[in-house]
Every structure is written in structure tokens, then in C-alpha cells.
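Here is my note on this structure. Please read it with the model open beside you.

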Amino acid sequence: MSPAREAAAACGLPFAATPPRLPSRDLLALLPMQYARRHLVLPIALEPQGLDVAVADPMALGPLDDLRLLYGARVRPLVVPADVLRDAIARAYDAAAAAASEDGSSLGTRLELDATPLDDAEPPDLLEAGEEAPAIRLVNAVLYEAVRAGASDVHVEPFERSLAVRLRVDGVLHDVLAPPRRLHAALVSRVKIMAGLDIAERRLPQDGRIALRVGGRDVDVRVSVVPTAAGERLVLRLLDRASVLRDVAELGIAATTTAGLESLLARTHGLLLVTGPTGSGKTTTLYALLRRLATGERNVLTIEDPIEYQLRGIGQMQVAPRIGLTFAAGLRAILRQDPDVILVGEIRDRETMEIALQAALTGHLVLATLHTNDAASALTRLLDMGAEPYLIASSVVGVVAQRLVRRLCTACGGHGCDPCRRTGFRGRTGIHELLVLDDAARALVMARADAGALRRHAASVGMTSLRDDGFTKARAGVTSEAEVLRVARDEEA
């Protein structure tokens, strides 16, 4: 009897002289070839009953545990002789790589972790930390799954007797894992170490960041730790830097709205606001607008928190409140740099708002974000923050409000399939409204009119509301009416 057959019999596991079949390309996309070769494991098939895995050593539990976490399924080992398995791994990855090269996609995406700027050294493959503690493997696996699924956020939520890990994909939270409650403290400590936070501080909220590299793409992770009655709660926000580099034409903006935006961008001065809740794609829109303006003929400067992507031909400044570099302080410094176009990452306080309004009034085109529900509310928000009506009326040229709605899955037409996680949706696009300030709108601002009056005036002169833009996309088969109603609140009368 061969050693592999004896090992299988001793462990009560099935044995095969060769793997019954080679895995699909999609199955291999999660697992780097280096890891499969090092640990002699090969996923064969993902069935409802679990993940079939060919292994050479059934006693090596670490790799099997990694695969269980990585694929989110119970592992069913099949013992195969080492030399046969080594050859099968080579053939499987060769076939998958050949297929991937035909359509330009990549295989075995590698995730590299570093809490500091990435240097020239080649970091180790994340999944090759087989001998690391369970909490480290758990964090690695969760981050892998989050990046693979295109998640925007990872939630780690402790309860009295349980622990939940959820991913926000296309704006909706999904339960993905329920680790043992005993791993909570170690998991939080691991994330804190990666983010450079104080692992001994458990009473106060903390914020940090982690830098990831995924298949050559840089991803920033913003880490928020908040103490709760059941323990510290983690939210990790994933920011794919490459995803923000889109042209205006790729944002799903209607043709009439695009024409209005281009007219505003042609101005030499004024304040253009982009509004919406957190995660609505405001930064992506601002970067797309900036790329239109960065032609080399204008001096374009930004003040951001954080800088999500380095834009060619643009001077970008990172906010650093610990040393006194706030939005207001940075904006004052930028005004001494002879700018033509200024981007303010977010108007958070009265001081920043007043400087931005004055800059727009004195010959600069200023782009900024503000947190409001719709375009009209942005103007009343400025009034609430203490801006003088005449300053708003003289400085603000337009307001773009936006939301992100989920796209209907093209593979199943919205019925639900494996690629869309049975949701019927895959990916997101924007819905927008653009309020351009004309003389009548300025008169309403001067009279301190409420958001409803401004909204009604904008509609009377042809503004397409968020909901109307969404319903247009629903009729075109891009999304559904229910999805539009989920993200766009009813306009006030």
C-alpha cells in the first residue's frame, strides 16, 4: 500500500490515484499558485455540500483551514499522491493561465500588506502565512474575500456570545462569516497592529489606515475602531485607488447633465459643489472633473483627506490635523500658490466654507464636496453654517447631487446567479441631479428660501431630479425602480 493510501486510511479519508478533474479557472482565481505548490493543495470543485480539495498530507490542517476561510465553505479532503498532485497543480494553473491570457484577465491575484508606504522589496504572499496564528489567517482571508467581492466595507461586529463578519457589496451588507467569539480580541489586535493603532487602548475610538496592493492595484483601507458594550467594533473601508480614475462619460451621467457640467467647468471662477452621503461616489466624480481641467494650461491644486489617487499634472496636499494642517489652513496656503482651479475634499466647518466662497469670488474655480441629501439642500446647508446669502449667491455656480444604485446583473437579468451572489445585481452606477444657479435661484438664496422652494424652481426650469434620473435608468434596464426608491428619498413638496 502506498504512503498516501495509508495516510488516507489512517485518517478515514477517501483516496484517489489522481484528481478526478481539474478545477475551473474561477475556482483557482482566489488561490495563488505558489501557495498551492508549497502546501500541495488543489481545490477541485465547490459544491453545495462543501469544497472538494485534493491534498497530499491530510494531517496538514493549517492549509485546509485557510481554504475553508478563503472559499467560505466546508472542506472535504481527497488524498492524492504528492508527485501526482504536484503535476496536477502545474497542469491546472497552466490551463487557467492560458485561458486568462486570451481575455486579458489575471489569475491568482496576490494581496500584499504593509502599514507603511510600499518599497521595492517583494512582500510575501499573504496566503503563505500558513504557520501564523488563527487570527492572522482570519484577517488575511477576510481581506482577500473583501477585495475579491469588490466590497466597499468590512464590518466586524461583536455580540454577547457571537461574532459576525459582514461585507458591504454594492451598498448592501452581507453576512459572510461567524468566527468563534474567542477570536474577537486577537482579531481586533491584529487589525490595530496593521493600522498602527494602540492595541492597549480599548476605551476610546481610534482611526487608522492600512495600505494593500492587490495584483498591482493599490487599495487603501481606512480603519475605524469603536468601543461597544460587547467589545470593540471594527469597520474597514476599502478604497480602490484605480476605481476612482474614471472619465465623466463612465459615471452614468445623463447627456443633459453632462452638458451642464461642462458649461460650469468652462468658467474661470465660482464654486461647484458635489453632494451626497458617504460612499455615494463624490470623490470619483470630483477626480473625473479634475482630469477634464488638468490640461496643462491651468494650475490645479487640491487639499484632501485622504489623497485617494495621485493625479498627473495636479498638486495634491494631504490634510494632517495633528500638526495643524486642516482644510482651512491648507486652503489658505493653496491660495498663495497662484491657483486657477482648487479642489477642497470636504467643507466641514465654517472657516473652510468661508475661505472657499471667497476664493470662488476672487477669480478661482473651486470644486468641493458637502454632505446633504440633494442639490437644493446644499444651499440651505451653507446658510445654516453661517454663510451670508449674498456670498452664496455670488459664489456658487452649481450643485451636483448623486447616489449610487446597483446595476441589474447582466448574466441573469436580475433573477439571481452565482456571479451576483444571488442578489440579481452586480456593480453600481450613479444617478445625478444638477442645480445651476440662475438669477431666480440667486434671488431665492438672498431671500433665505427653504430647500423646497429652491427645488421647485429648479424643476420648473428643467432640472432632472435624482429619482427621475433613476427611473430613466430603470426603464433602460440598467437598474430597477425598487432600487431607485431604496437610495433616493422622496422630494419634499
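1. The side chains of Arg 406 and Glu 483 meet in a salt bridge, with N and O 3.0 Å apart. The term means a side-chain nitrogen of Lys or Arg within 4 Å of a carboxyl oxygen of Asp or Glu. Arg 406 sits in strand 16 and Glu 483 in helix 17 (residues 481-487), so the pair links distant parts of the chain, 77 residues apart. Helices (H or I, at least four residues) and strands (E, at least two) are DSSP runs, numbered from the N terminus. Both Arg 406 and Glu 483 are buried. Buried means under 20% relative accessible area, exposed over 50%, and partly exposed in between (1.4 Å probe, protein chains only).

2. A word on the basis. This is a predicted model, in which local features need pLDDT of at least 70 and side-chain atom pairs count only at pLDDT 80 or more, while totals for chains, interfaces and linings use all residues. Residues are numbered from 1 along each chain as its sequence is written, and side-chain values use heavy atoms, with hydrogens and water left out.

3. How many salt bridges does the rule give? The count comes to 23. One of them joins Arg 21 and Glu 47, at 3.1 Å from N to O. Arg 21 lies in the loop between helix 1 (3-11) and helix 2 (25-28), and Glu 47 lies in strand 1 (residues 41-47), so the pair ties together parts 26 residues apart in sequence. Arg 21 is partly exposed, at 45% relative accessible area. Glu 47 is partly exposed too, at 30%.

4. Next, look at Asp 153 and Arg 237. They form a salt bridge, and the closest N and O atoms are 3.8 Å apart. Asp 153 is in strand 5 (residues 153-158) and Arg 237 is in strand 10 (residues 231-240), 84 residues apart. Asp 153 is buried, at 10%. Arg 237 is partly exposed, at 22%. There is also a network of salt bridges, which links Glu 157, Arg 166, Asp 175 and Arg 233.

5. Seven strands form an open sheet with mixed pairing, in the order 13-12-14-15-11-16-17. Two strands pair if DSSP finds at least two bridges between them. Strand 13 (315-318) and strand 17 (425-436) stand at the edges; each has a single partner strand, so one side of each lacks a neighbour in the sheet. The twist averages 20° from one strand to the next.

6. Within this sheet, strand 11 (residues 270-275) and strand 16 (residues 396-408) pair in the parallel sense over five bridges. Leu 272 stands opposite Gly 398 in strand 16. Helix 9 (residues 282-293) packs on the sheet and touches several strands, including strand 11 and strand 16. Contact means heavy atoms within 4.5 Å. The direction of helix 9 makes about 170° with that of strand 15 (365-370). Axes are lines fitted to C-alpha atoms, for helices over the stretch in contact, and angles run from 0 to 180 degrees between N-to-C directions.

7. Is Ala 146 buried or exposed? Ala 146 is buried, at 0% relative accessibility. Ala 146 belongs to helix 6 (residues 134-149). Leaving out residues up to four places away in sequence, Ala 146 touches Ala 151, Val 154, Leu 167 and Leu 238.

8. Last, check Asp 338. Its phi is positive, about 55°, although Asp 338 is not a glycine. Asp 338 is in the loop between helix 10 (327-335) and strand 14 (341-344). Asp 338 is exposed, at 63%.
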